[in-house]
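Q: Could you take me through the aromatic rings in this protein, one part at a time? I would like a close look at how they group together and what surrounds them.

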Amino acid sequence: MTSKSRGRIVCTVGLAVLGAPLAHAAKNLALEEVVVTAQKREQSAMTVPVTVDTFTSQDLENTGALTMEDIQAYIPGLKVGEDVRGGGMTQSSFIIRGIESSNISTGGDPSVATFLDGVYLPRAAITVPFSDMARVEVLKGPQGTLFGRNAAAGVVNFIPNGPSLEEREGFVTAKLGSYDLFRVEGMSNIPLTDSLALRMNVMHNQRGAVLDMLGPAKPDPGEQNNQFARMALRWETTDQLTLQMAYDIDRVDNGPQARLSTSEEYATYPDPTERKLETDAINGGETRDMQGITGKLWYDISDVTTMSLIASYRAFETYNLQDEDATSDESVYVDTNNIEDSDIAYFEAQFNVSLDWVDAVFGANYSKEDTYQQTALTFSYGAVVELASAMTGVPAGVLNTLIGGPIAGNYVTERMTNEGDFETYGIFSDLDFTINDWLSIITGLRYSNDKKAFSWYAPLTEFVLSQAQGENFFFNSDGLEQGSASWDKITGRVVANAQISEGAMAFASYSTGYKSGGYDSLNTSSREVPLAPEVVTNVELGLKGDLLEDKIRTQIALFKMVIDDRQESIESKGPEDNGAVPTVISTDEDIHGIELTADWLVNDSLRFGLIYTYREQKSSRAAYYDKDGNFQEANQVNATAPQEYTLTVDWSPEFDYGLLLLHVDYIYEENVEKSNEDHLDKFNRVNGYGDDTSLLNGRLAWSTPSGRYEFALWGKNLLGNERVSQPGGLTGGELGTYHVGIIAPLTYGVDLRFVF
């Protein structure tokens, strides 16, 4: 879209606004009730005895968020990806209270369960865009009793808006910004009859790279191009029976991750704060083709008993080819590609019984998933020579100088192919007993069963050295290897919930969670010794409610989590390996901390917010080989999470012409990377390494009195923060090709909205 056409859109909206009648208005910023489904029934977020944070549609609008990565700073204890690089759309991971999933294998599972409209999402499908989303709920600690599969550390619950029979409504929005950002979204809700309603929404998002790409490869790293559409049909057949059918489709065609080289030997621009990068990745990029269909049924059996059924099917294919050396020097060329194909069917039946003395939930769920994963590693002959030089002690570049010419332009690719067949089911009950007017006790119990069959196949490449040795450099299997196993577990929770005042409550809970065992897709030895299940125990004290005549809303949680056999992913180089590869090891964790959210309503037009987290963590690892091939005895690592807080301000002054809303937030995160085990002194030479995160964002919105038109100006990273991640990479140690990610630069733009 050209600047002239954008200007015409802005002028058109401006004229419409000027034509509106005069008004004297301010947005009421009162602390409104937020309804959640954290306990499988609709309840006010302030009355649920679980630490749950919500992100509403207004929050999504204020922050311009597209995916979970954009809202992590507003939810204490939540991270998306391990550093500022994130994980992209297909290999992202949700980290709750420091529990990070091993996210490299379809044979394993995430420790945080993700649900869309009540349906479980597999690992590569969790980054759904926020299109017509009512809210996002993040539940902390084990939630296995009600949510089951892999909810050991918590749950992320996406709640889209459903069809409404009340009235015909819709909107069209556009977000235009720097780096050719163009995002447009439309929604229409249509009551077809008195009992039938249709809701449709569609979104297109694209943005150019926020870094200067100077290498020969296309597309540019960091480019965004994705589309999402959803259609839902709701039929209230009788006063007792309601049916809903929803279909969604998702297309992602992004550039590869933006990885900035810090190599002074191989990179032209080793200073990442220059925001210049070179890549020669062949066919680099990240794509996802996904669609899902979900059917729901709600039936009122009696005045006190209801039943709900869910049936869903989702399928997706992904492709993710990344430049691992982050340079355009062929002599050190290395790329990785992850290809996945998954089909999952999910079913759930639930019964709710509401009596004066107990509110009960009973249910069962079942899922079946078929997966295919191919992990490919491509390296140039020059990179092979450099790896051989590193192993034999020959100085870097010497052999390539001597023989680089004849081998130039030749590449070798190794592949590991995995297939999986997984079945899981669970039976659960959750009983909320009313003891008296101020005290209730909740008890929950669940039985979970998981079965997995998995295979490995890594054919011998035609590379001459591989043929001579009879094995590949990195990926090897003894023909087609197969393994199967099953795991089961009983988990539960006990919660005491006390209403300490009319608007505030306190709770104490003891809960356990479970994530099944599994397989490491790159380690065939896990066929004989599968990954052990993760078992989580959580003790928590919480306080939440509205205080001081509803002027302050707060949620405070003190927690202690103990995790046995956490499946941790590290870079490991065993005695028979020629280089480090991602490997899953067993780690025991002991984590305790505090999380706080607070909102202070100064008056009806001014509100302040605070999000804060503090956490300490002890990790006891089993013996392993590190990325340099050194054997490490079983050890304990103590760590303190970085200090993190987010401050928000919302101001809506009385305004003589329409409605004005200013939202400002400041995000701070302490950088503690220099104190972790992967730090090397030479990293101190990298500009931006060790810097704290310090982000100032703002949005000023102006809407007409009718609310039909809105115009907003926004900016992100207004302070120009340049924090980079810790240098890393598969070949960083062997070839010196370390690379980093960097926080997005200052961006700005406008939002346009028309409601009908």
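A: Happy to. Let's start with a cluster in which ring pairs link Phe 379, Tyr 381, Phe 463, Phe 473 and Phe 474. Rings of Phe, Tyr and Trp (its six-membered ring) pair if their centres lie within 6.5 Å; planes under 30 degrees apart count as stacked, over 60 as edge-to-face and the rest as tilted.

Before going further, a word on the model: it is predicted, so local features need pLDDT of at least 70 and side-chain atom pairs count only at pLDDT 80 or more, while totals for chains, interfaces and linings use all residues. Residues are numbered from 1 along each chain as its sequence is written, and side-chain values use heavy atoms, with hydrogens and water left out.

Searching the whole structure gives 25 aromatic pairs. One of them joins Phe 463 and Phe 473, whose ring centres are 6.0 Å apart with planes at 40 degrees, so this pair is tilted. Phe 463 belongs to the loop between β23 (439-457) and α6 (464-469), and Phe 473 to the loop between α6 and β24 (481-499), so the pair ties together parts that are 10 residues apart in sequence. Helices (H or I, at least four residues) and strands (E, at least two) are DSSP runs, numbered from the N terminus. Phe 463 counts as buried because its relative accessibility is 6%, and Phe 473 counts as buried at 7%. Here buried means under 20% relative accessible area, exposed over 50%, and partly exposed in between (1.4 Å probe, protein chains only).

Another aromatic pair, Phe 683 with Tyr 738, is edge-to-face, with 5.2 Å centre to centre and 75 degrees between the planes. Phe 683 sits in the loop between β34 (659-669) and β35 (693-703), and Tyr 738 in the loop between α7 (732-735) and β37 (739-740), so this pair ties together parts that are 55 residues apart in sequence. Both Phe 683 and Tyr 738 are buried.

The charged end of Arg 97 is placed over the ring of Phe 559, 3.9 Å from its centre. Over the face of Phe 171 you will find Arg 753, at 4.5 Å from the ring centre. A charge sits over a ring if NZ of Lys or CZ of Arg is within 6 Å of the ring centre and within 35 degrees of the ring normal.
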